[in-house]
Amino acid sequence: MIRNQRREWAVAFLLVLPFLLTYGVLFVWPTIQMVQLSFTDAPLIGTGEWVGFENYIEMFDDRRFWTAFNNTAYFVVLTVIPNTLIGLAIAMMVSRLKGWQQSLILAMFFLPYILPVSVVYRIWNWMFNVQFGILQYPISFFAGETINVFRTQWMFMPAVALVTIWWTCGFNILLFLAGLRSISPDIYEAAALDNANRWTIFRKITWPLIWPVTALVLTIQLILQLKIFDQVYLFVQGGRPDPSMVMVQYIYTMAFQRNQGGYAAAIAVALFVIVIVFSVLQFQLLRARGEK
Amino acid sequence: MKNLMKIAMLSTALLSVGAVQAQETVVWWDFLAGGDGVRMKSLIERFNEEHAGEITIQPTTLEWGTPFYTKVQTSAAIGEGPDVMTYHLSRVPLGVESGALAPLSTEDLSSVGLTADAFQAANWEAGQSDGQQYAVPFDIHSIILYYNKDKLAEAGLLGEDGKPTGLDGAENFMAALEKLKGGSQYSVSLQTSGDGTPWRVFYSLFGQQDGVFLAEDGTFFPEDSIPKAVAAVETMASWVEGGYAPQLTEYEGSVALFTNGDAALHINGVWEVPTLVDLEAKGELGFEWGAVALPTFFDHPATWADSHAFAIPNNAGKEMTPEKKAAVLEVISWMNENSLSWADAGHIPAFNATRESEEFKTMEPNATYSILAETAVFDPKSTLAGVASPVYDAVANYISPAMNGEMEPQEAIEEMKADLQDQAE
C-alpha cells in the first residue's frame, strides 16, 4: 500500500492545529508581550515608553525585590524536600494497608488537597487564633504563653510552610503510591529470600526504583513553591506585608496596587527565568543521579 | 386568571413608560461596612425614594482599604468602574497620579451648588491636584477616645460634669491606665497590628509635637522630627509593654474588647459611634459609654483627620453621557445637602450649611468632639500617602512592630524613613 506522506502530514497538522493555536494565543504570545512590557514604563493597562534595561537595573537595587527573592528561596527550602519525604513516608505506610482500609486512609490524606486555599486559610487561622485557637493549648504548654504565630516574624514562613505541606501532601502521596505499586512484588520476594532486613530493602530496592517518581515530585514541588502567593497573601493580612513578601506577591503589588506594569513585568521575567533554570537544572541533576 | 393577566400587562406597560422617561441608574461603590455603612444605606434608600422614576443608585459595598482601591484602580483602567464612588481625600494625589480619577469641571460642580465656599477651604482644596478638582468632600473624620463610664467612675477618673478628667499628658494618661488596670482585662483597647489605627494614633501624637512627616524638599522625617516620631512610637509602645493595651490585635478584635466590657477605654475612629449607639439601643451594651476628643499627650491638641469624598473614576474608553453625568452630580450634591444623617454616623459633615446648622451643633456625642475640626492634622499631601498607600504599608511594617516591642522605636523610624525615601526616588 502506498502511503501519501504529504497527506498524512496535513492530517496530523490539522489535528494538532487547535492545540497550537491555543498554546500560541494563550501562552506564547502573552509571554512575548510580557517580555516586551518589561522594557517599558507602562502602567498596569496601556502602553508605555521604551526604557531599555532600566527596570532590570532598578530591580537589582530594590531591597524589596531581594527580600521577596530570599523569602521565596526560604519557602522553597522549607517545603520542597520535606513535602516530598513526608509524601513518600505516608505513601509507604498507606501501601501496607489493603482493600477498603487503604482507600479510607488515602481519602483522609487526600481530603485537604481538594480544599480551596481560602478555606485552608480559614481553618488554620482559626486553629492558630491567639484567643480561641485549639493549637494554643500545645503552644502555651511548651512556650509558657500563647503566641500569635502569624504575627511573629520568625514563625511566619515555617507556619505557612507547615500549612502548605498539610494542604498539598495528598497529591504527592498519590503519585508515590502509584510508583510503589509499579514495583514488582517479585523483587521484594527475592530480597526476603535473601534475608534482607527492612532498611536494606528500602535502601537497595524501594528508593532506587521509586527514584523517577521522586524526581518528578521534587520538580513539580519546586516549580509550585517558587510560585507561592495565595497562602502568604492571605495569612499576612493585617500584619507586616514586607518582611514576608514573596516574588509573585511583589509582582501583584507592583502591578495592581502601584500601577507599575512595566516594572512588575520585569520581576515576572526574572521569576520566569529562575523557574526555568532551577527546574531544568534540578530535573537534569536528579535524572543523572538516577541513571548512575 | 384573566385579571392576573391584565395586572401583569398593565404593570409591564407602566414599567416601560418609566423607561421612556429615561431613568438613570447610577452605579455606586463604597467601602463603608461598619456602623456608618448602615446609615449610608438608609441615605441611599431615601435618595432612591425621592428620585423615583428619575435616578436610581445601585450600591455595592466593597472591603475598605487596599482591596477597595486595588479594585478601583484595575476596573477604571479597563473602563469597568462605577459611575460614582467614595474616596479618601488623603489618597487624591496617589489616585490622580495613577490615573484612576476623572477631573470634575467647576461649571459642572457649581451647577448643583458644589462650590468652594460651600466647604472649608483646606477640605475643598484637598480634593484638588494642580488646581484641578477631582473629589468633592463629604465629611471630616478623626479618631476619638471612647470610654466606659462605669469603669472610669470606679477608678475615680470622671469629673463633676461626667466627662473623663486627668487624661492629658503622656504621664497622666499612663497613671490613668494604671488606675484602670484592675477593673478590666485591658485599660485601653486599640488596633495594634497592621495599618489603620496605628497610623492614626501615631500621626496624632506626632502632630501634637509639630512633627514634620514630609518636608517641602521631599525629605521624610527631617532631622529634628525624628526624635518627635520616636517619642510618639515610644508612647504607643509603652501601653502595650505595660500590659494596658492588647498585643498584636486586629481592628475587629479591638472593637469587641471594648463593647464586651473587657477594656475601659478605646481609641478608634468616629465611624464606630453608630456601632455603640445601636448596641445601646438594643440593650446589648451593658454599660454607659461616652466619647471625647483624643487627649493631648504632648505640647498641644492635634488629631489625625481624613475625609470621605465622592469621586468619579476615570473609566478608560468610556465617555459618560451628559444625562448620566447630571445624575451623578445630583447624587453628590443631594448627599452633601442631606449630610446631617451622615453626622449620625459619627462623622463631621464637610458641607458648611450642615455643619453650621443648629441640629448638628446639638448632636451628641459629635458636639463633644467637634473641636476636632479645628485641631485636625491631615495626611501629608503626597503620592506615597493616603489610605492603602506606601505610607500605610510602612506603618504596618515598622510602627506596628515597634508598638509590640518587636523593634526599637528609633530603628523603626529610621527604617521607615529610608524605605519611604527609597520609594520616592
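Start by selecting Leu248(B): you'll find it in the loop of chain B that runs between α10 (226-241) and α11 (251-259). Helices here are DSSP runs of H or I with at least four residues, strands are runs of E with at least two, and both are numbered from the N terminus. Keep in mind that this is a predicted model, where local features need pLDDT of at least 70, side-chain atom pairs count only at pLDDT 80 or more, and totals for chains, interfaces and linings use all residues. Residues are numbered from 1 along each chain as its sequence is written, while chains are lettered from A and ligands numbered from 1 in the order in which they are written.

Check the backbone of Leu248(B): phi is positive, about 40°, although this residue is not a glycine. Is Leu248(B) buried or exposed? Leu248(B) counts as buried, with 23 C-beta neighbours inside 10 Å (buried takes 20 or more other C-beta atoms within 10 Å, exposed 12 or fewer, partly exposed is in between, and C-beta atoms are placed from the backbone).

Next, jump to Asp130(B), in the loop between β4 (128-129) and β5 (132-133) of chain B. Asp130(B) isn't a glycine either, yet has a positive phi of about 55°. Asp130(B) is exposed, with 7 other C-beta atoms within 10 Å.

Now pick Glu364(B) and Pro365(B): the peptide bond joining them is cis, with omega about 0°. Pro365(B) sits in the loop between α16 (358-361) and α17 (366-369) of chain B.

Last stop: show both chains. Their contact takes 15 residues from chain A and 18 residues from chain B, where contact means C-beta atoms, placed from the backbone, within 7 Å.

Conventions:
Two residues are in contact if their C-beta atoms, placed from the backbone, lie within 7 Å.
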